[in-house]
Amino acid sequence: MPEVMSAGAILRALLPELLLSAGAMVLLLVSVWTPQGNQSGAAEGAERTSMLARFGAVLCLLVGLAVVIAWGDGAAGTPDGRIAGDGFRWAMDLIILLGTALFLLLLEAEHQRSAAFGPEVPALALLAATGMMVLAAARDLMYVFIGIELMSLAVYVLAGVNRRSARSAEAAVKYFLLGAVSSGFLLYGMALLFGATGSTRLADIAQWAGAQAILSPLFMAGVALLLVGFAFKVAAAPFHLWTPDVYDGAPLPVTAFMSATVKTAGFAVFARVMVEALPSAMPRWHMGVWWLAVATMVVGNVFALSQRNLVRMLAYSSIAHAGYLMVSIVVGGAAGTSALIFYVVSYTLATMGAFGVLITINAGRDRSPTLDDIAGLWLVRPWLAMAMTIFLLAFMGMPLLGGMGFFAKWYILQAALQAPSPQTILAVVLVLTSAVSAAYYLTVVSAMFMRPRPEAQPVPSTTPANQSLIVMAAVMLLIFGVYPSPIMQVARRALTTAPTQTTPAAPRGEVRLQTASMPR
């Protein structure tokens, strides 16, 4: 009987993930029934892929509604504390679902130009999103590993899903091989932590570490291996070398998905493990993460300066943004984590919008767009040039037109400077590297507005769905840039150190990311 009750508690705690995975299974069954043999079957299969992508986007919105209801009703995790039911989980779930829905819209836009995707791709995206949501909810290292593998295996396939492209196949192989190595680091680190503490539950690890006068070498070796694994997943320097090649070779919608949504999930689990399981070890891992943040900000921005390939430029930009987000982990506490939540919302909107523009100007070609492809865009598609400018300025953190991106960096800076141990040097590095980023972001803006349009360059056209996505992302960045309070209030109310009434009291030494109530 206890086993049945435990299984029921797990099912209730993972209800949004189960709904999403069930939808993915339905999409997978439909994709199997799609005829592929002759020309008419291939045409029907192409139309079926677009239909499944739209259905997947609607499913993400419905699961997002279920998440909002669960958050508003104060739904708890499992009684044993292995699955979270806090506001941090629900907030990250909503961001992951938003990114997945936007990815599916980008997928449809690219598919209508290149017909490069099979009907199974939307199902793979939903399975990857399910793994990400498990990561956001995981309070046990075994759930962490399950979530990472479910997410990673699906994304490995997505990177190489264009079977006609040698570049896509190369990106998938590189990502798979290096991803397998990073998963090995994570698993070995988890095994060492289990050997040192006797548990994989984050609360038990925190309690054990808090009771030790001196942390054992076995424990610290496990922490170090976890840091290496997480650094790879979020593309932090010097574990970033796979990023430019994989982003450049993968299809453009998949690159956007990896850059925004996979990164969001990686930082969700990174922050939870550091804050909840290892607060007592913070004096030991703090300096390591500090240097990772500095190296990532510097490397990402410096190497982006020489890029004419827009996807590789955005890949190095993504590395730099990983450094900014790592500042929030160094700071820790409610201020750092709420700044992280706000930042990933802004970054997701800007990334999906920017790749929507790149998909439009690339016109389904099997190569990455360059500065020459975007030159003179203002002359033929003024609204597209303006939208791309908003996205780039949001990446840079420019006030006014940069909109939400400015406040995203401002809140991280504020958290760094107002921390109990102010991170002044880290804040200075963040400001200086953001200034460096202006050089390559404004180079793209200059090409769109100041360079002539090549005569042979076709006028870019877009689909209604992609056009709506680009406009929506730009407008939301501007609105929340003028009035960021709603998003910041949600981010702040997603976090509190006090457990809710429906959650068992935290053991001594445990630090929780929880919510008292859903903002209404």
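Which helix is lysine 233 found in? A few notes on this follow, point by point.

1. First, the confidence. This is a predicted model, with a mean pLDDT of 87 for the chain and 92% of its residues at 70 or more. Helix 5 (residues 121–137) has the highest confidence, at a mean of 95, while helix 1 (residues 2–13) has the lowest, at 64.

2. Now to the opening question: lysine 233 is found in helix 9, which covers residues 217–233. Just after the helix, alanine 235 takes a positive phi of about 60 degrees.

3. Lysine 233 itself deserves a look. Its side chain is buried without a salt bridge, and the nearest side chain of opposite charge, glutamate 149, is 5.4 Å away. What lysine 233 does have is a polar contact of 3.4 Å with the side chain of serine 182. Beyond four places in sequence, lysine 233 touches Ile148, Ser152, Tyr156, Gly179, Ser182, Ser183 and Leu186.

4. Salt bridges are found elsewhere, and the count comes to 21. One of them joins glutamate 108 and arginine 54, at 2.5 Å from N to O. This pair links distant parts of the chain, with glutamate 108 in helix 4 (residues 87–114) and arginine 54 in helix 3 (residues 39–72), 54 residues apart. Glutamate 108 counts as buried because its relative accessibility is 6%, whereas arginine 54, at 35%, counts as partly exposed.

5. A loop-to-loop pair comes next. The side chains of arginine 82 and aspartate 140 meet in a salt bridge of 2.2 Å, N to O. Arginine 82 sits in the loop between helix 3 and helix 4, and aspartate 140 in the loop between helix 5 and helix 6, so the pair ties together parts that are 58 residues apart in sequence. Aspartate 140 is buried, with a relative accessible area of 2%, while arginine 82 is partly exposed at 28%.

6. There is also a pair within one helix. Glutamate 276 and arginine 272 form a salt bridge of 2.8 Å, N to O. Because they are four residues apart in helix 11 (residues 252–277), about one helical turn separates them. Glutamate 276 is buried, with a relative accessible area of 1%, and arginine 272 is buried too, at 1%. Elsewhere, salt bridges that share partners join Arg167, Glu170, Lys174, Asp245, Asp248, Arg312 and Asp366 into one network.

7. Finally, valine 30, which has its place in helix 2 (residues 15–32). Valine 30 counts as buried because its relative accessible area is 18%, and the cut-off is under 20%. Leaving aside neighbours within four places in sequence, valine 30 is in contact with Arg48 and Leu52. Valine 30 and proline 119 are 89 residues apart in sequence, yet their C-alpha atoms are 8.1 Å apart in space.

Terms used: Residues numbered from 1 in each chain as written. Predicted model: local features only at pLDDT ≥ 70, side-chain atom pairs only at ≥ 80, totals over all residues. Heavy atoms only, no water. Helix = DSSP H or I, 4+ residues; strand = E, 2+ residues; numbered from the N terminus. Buried < 20%, exposed > 50% of the residue type's maximum accessible area, 1.4 Å probe, protein only. Lys, Arg positive; Asp, Glu negative; His and termini not counted. Salt bridge = Lys/Arg side-chain N within 4 Å of Asp/Glu carboxyl O. Polar contact = N/O pair within 3.5 Å; in protein donor to acceptor, adjacent residues only side chain to side chain. Contact = heavy atoms within 4.5 Å. pLDDT = per-residue confidence, 0-100.
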